[in-house]
Amino acid sequence: MEDRHIDRHMAELGRSLRGPRRLRADLLAEARGGLEDAAAAYREAGLDREDAERRAVADFGPVRLIAPGYQSELGLAEGRRTALLICAVLTAQPVAWWLLDRLFGAGPSGPGGPVFPLVDALARWSGTAAVALALAVACAAGAGLPRRLTPPRLSPRRLVRTAGVLAFAVCGFFAVLGVLMTLTSPATGALLGPTGLPGTLLLLHLPLAAVALAGRRCLAAV
């Protein structure tokens, strides 16, 4: 079968990699192209197809040695994607709830209490901090710092793991915070009040579920 050595090597490499499908496909296509070019050069030097492919694969290296480099790149891409998703979800929340308030109104207000202002302030400050941290992770992952410039605490594996842990932390913290804001809101009978829990589930918890899935993929790519 044509290219059987290259096909087998690429299949083994593909099974060992986890990360964004498009980038994974691009990396495998690039690796295959390099192997085929090397095999073609060996054929021009006088080797038959089977020996040429065997030599090209041997020069390329065993999967256990080359896969970590590819996985590092895939992991950084997954971490960057997860961090940017966190930024998008958290940044969109104030806008979404502001639009709801303008379109449907906050409804009549009750006497309220001391809890809601505290929860609201916590949401604002923690949201800002989480977005800033996610942006920092996204920038670090996107920079692709050379290994010689990357201290151990900022190694690609730790950076990707940080993005995944941050995703789960954001999900848990803001899911609880969103319910608390809804239940303690002085608005009554409105989307922003206690009866608006379905709206909270739709506008907050569904996007957070997407963040959790991204975090899971991120940790799997470490």
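**From a surface patch to the cores and salt bridges**

Val95, Trp98 and Leu99 together make a nonpolar surface patch of about 300 Å², a patch being built from residues with over 30% relative accessible area and no salt bridge, with nonpolar side chains (Val, Leu, Ile, Met, Phe, Trp, Tyr) joined within 5 Å and like charges within 9 Å. The model is predicted, so local features need pLDDT of at least 70 and side-chain atom pairs count only at pLDDT 80 or more, while totals for chains, interfaces and linings use all residues. Residues are numbered from 1 along each chain as its sequence is written, and side-chain values use heavy atoms, with hydrogens and water left out.

Val95 lies in helix α4, helices being DSSP runs of H or I with at least four residues, numbered from the N terminus. With a relative accessibility of 48%, Val95 counts as partly exposed, the class between buried (under 20% relative accessible area) and exposed (over 50%), taken with a 1.4 Å probe and protein chains only.

In soluble globular proteins, nonpolar side chains tend to be buried together. Here the largest nonpolar core has 28 residues, of which Ile86, Leu90, Ala134, Val170, Phe174, Leu208 and Val211 touch the most other members; such a core is a set of buried Ala, Val, Leu, Ile, Met, Phe, Trp, Tyr and Cys residues joined through side-chain atoms within 4.5 Å. Helices α4 (63-104), α5 (115-143), α6 (156-184) and α7 (197-220) each supply at least two residues of this core, and α6 gives the most, with nine. Leaving aside residues up to four places away in sequence, Phe174 touches Leu90, Ala123, Ser126, Gly127, Ala130, Leu204 and Leu208, where contact means heavy atoms within 4.5 Å. A second, separate core of 18 residues includes Tyr42, Ala52, Ala56 and Val57.

Turning to charged side chains, the whole structure holds eight salt bridges, each defined as a side-chain nitrogen of Lys or Arg within 4 Å of a carboxyl oxygen of Asp or Glu. One of them joins Glu50 to Arg4, with the closest N and O atoms 2.7 Å apart; this pair links distant parts of the chain, since Glu50 is in helix α3 (residues 49-60) and Arg4 in helix α1 (residues 4-16), 46 residues apart. Arg4 and Glu50 also belong to a network of salt bridges with Asp51 and Arg54.

Within helix α3, Glu53 and Arg49 lie four residues apart, about one turn of the helix, and form a salt bridge at 3.8 Å between the closest N and O atoms. Glu53 is buried, at 1% relative accessible area, whereas Arg49 is partly exposed, at 37%.

Definitions and conventions: Areas by Shrake-Rupley, 256 points an atom, 1.4 Å probe, with all protein chains shown as cover.
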